[in-house]
Amino acid sequence: MKSLSTPHRHRGKLIIVEGIDGSGKSTQISLLSRWLRSQGYAVAFSEWNSSPLVRQTTRRGKKKEMFTPTTFSLIHATDFADRTERYILPLMRAGAIVCADRYAYTAFARDVARGVNRQWVRNLYSFAIRPNIAFYFRTPLDVALSRILGGRDALKYYEAGMDLKISRDVEESFKVFQGRILQEYEDMIEEMGFHVIDATQSIEDQQKQMRAVVKREIGRSLRTQVLRAPVLEQNPEHASGAR
Ligand SMILES: Nc1ncnc2c1ncn2[C@@H]1O[C@H](COP(=O)(O)OP(=O)(O)OP(=O)(O)O)[C@@H](O)[C@H]1O
Ligand SMILES: [Mg+2]
């Protein structure tokens, strides 16, 4: 399998987080990037589905239910390619630490859960840079569901997979759809070399484990290789993306 199997040779480091909706990814990656920044490293942040090139299209298409699973997949890949070439790659070349909230694995899990061919979607992302560290937040569905509903009133149409017409009941649909995504993530652990974090633990415990992994995996090159900078401002174009 070609996709994401070759280590990159850039000076910078790429750290990504993955997991189903509500697994705590954003919470953890933001704590981790703040920690790295506080040590004087140049840290940049990248979010899934945030490229200005396709944001409007995604929004409009979602509203009108214009996408098929394949066109959805292609749109996300376009978004990701734009972000890779214009944002992630230059930062990696410059030696920054890029922290990404969701990465190509989100497409591998979601698009396959929507019925897209596994190998086809992996091939589509063969240009992606292999992360130095990929964290996967393992979360039971009911935990994810209660965290999402604890933060807002209702599940979103696409996060519940309502477009797939699995069930007219939103919670039921969420469980089936996110259950499929969960299974795809589980099946990727070995293939992609995920560091599995038990996401039912406290925020602090998870963060401790992540920092230990970072020290172990890239501690040496952090001291010798990575760009240092007081603060590397977020690129405003990429700062606020939808999921
Ligand atoms: N370890 C934890 N224990 C309890 N609640 C948590 C924990 N981690 C995060 N939360 C809470 O769960 C909710 C979802 O967390 P967060 O937004 O970080 O998840 P996410 O994986 O980024 O979700 P999404 O995929 O929807 O962006 C938030 O309200 C957050 O405060
Ligand atoms: Mg999030």
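This is a predicted model: local features need pLDDT of at least 70, side-chain atom pairs count only at pLDDT 80 or more; totals for chains, interfaces and linings use all residues.

Trainee: How far apart are the closest N and O atoms of Arg152 and Glu159?

Mentor: Side chains of opposite charge can pair when their charged atoms come close. A salt bridge here needs a nitrogen within 4 Å of a carboxyl oxygen. For Arg152 and Glu159, the separation between the closest N and O atoms is 2.8 Å.

Trainee: Which residues does the network of salt bridges with shared partners join?

Mentor: Start with one pair, Asp21 and Arg110, whose side chains meet at 3.8 Å, N to O. Asp21 sits in the loop between β1 and α1, while Arg110 belongs to helix α4 (residues 104-113), and the two are 89 residues apart. Salt bridges that share partners make one network, and its members are Asp21, Arg102 and Arg110.

Trainee: What is the relative accessible area of Arg110?

Mentor: Asp21 counts as buried, at 5% relative accessibility. Arg110 is buried too, with a value under the 20% cut-off. For Arg110, the relative accessible area is 13%.

Trainee: How many residues apart in sequence are the parts that Glu65 and Lys165 tie together?

Mentor: Glu65 and Lys165 form a salt bridge, with 3.8 Å between the closest N and O atoms. Glu65 lies in the loop between α2 and α3 (69-94), and Lys165 in the loop between α6 (141-151) and α7 (170-192). The pair therefore ties together parts whose separation in sequence is 100 residues.

Trainee: Does Lys165 count as buried or exposed?

Mentor: Glu65 is partly exposed, at 38% relative accessibility. A residue has to be over 50% to count as exposed. Lys165 has 59% relative accessibility, so Lys165 counts as exposed.

Trainee: What value is the phi of Glu65 near?

Mentor: Most residues other than glycine have a negative phi. Glu65 has a positive phi and is a residue other than glycine. The phi of Glu65 is near 55°.

Trainee: Where is Asn49 found?

Mentor: Asn49 also has a positive phi, near 60°. At 2% relative accessibility, Asn49 counts as buried. Asn49 is found in the loop between β2 and α2.

Trainee: Now for the strands. How many of the residues of strand β3 are buried?

Mentor: Strand β3 covers residues 97-101. Ile97, Cys99 and Asp101 point one way from β3, and Val98 and Ala100 point the other way, yet all are buried. The count for β3 is 5 of its 5 residues.

Trainee: Which residue stands opposite Cys99 of β3?

Mentor: Look to strand β2 (residues 43-47), which runs parallel to β3. There are 5 bridges joining β2 to β3. The residue opposite Cys99 in β3 is Phe45.

Trainee: Which residue in β3 is the bridge partner of Val17?

Mentor: Strand β1 (residues 13-18) pairs with β3 in the parallel sense, over 5 bridges. In β3, the bridge partner of Val17 is Asp101.

Trainee: And in β4, which residue does Val17 stand opposite?

Mentor: β1 pairs with β4 as well, over 4 bridges and in the parallel sense. Strand β4 (residues 133-138) is mostly covered, with 5 of its 6 residues buried. In β4, Val17 stands opposite Phe135.

Trainee: Which residue in β5 is opposite Arg138?

Mentor: Strand β5 (residues 195-198) runs parallel to β4, and 4 bridges join them. The residue in β5 that stands opposite Arg138 is Asp198.

Trainee: Last one: which residues gather in the patch of positive charge on the surface?

Mentor: Take Arg59, which lies in helix α2 (residues 55-63). Arg59 is partly exposed, with a relative accessible area of 42%. The residues gathered in this patch are Arg59, Arg60, Lys63 and Lys64.

Terms used:
Residues are numbered from 1 along each chain as its sequence is written. Chains are lettered from A and ligands numbered from 1 in the order in which they are written. Side-chain values use heavy atoms; hydrogens and water are left out. Patches are made of residues with over 30% relative accessible area and no salt bridge: like charges are joined within 9 Å, nonpolar side chains (Val, Leu, Ile, Met, Phe, Trp, Tyr) within 5 Å. Accessible areas come from the Shrake-Rupley method with a 1.4 Å probe; for residues, only the protein chains shown count as cover. Lys and Arg count as positive and Asp and Glu as negative; His and the chain ends are not counted. The place of a charge is taken as NZ of Lys, CZ of Arg, CG of Asp or CD of Glu. Buried means under 20% relative accessible area, exposed over 50%, partly exposed in between (1.4 Å probe, protein chains only). Two strands pair if DSSP finds at least two bridges between them.
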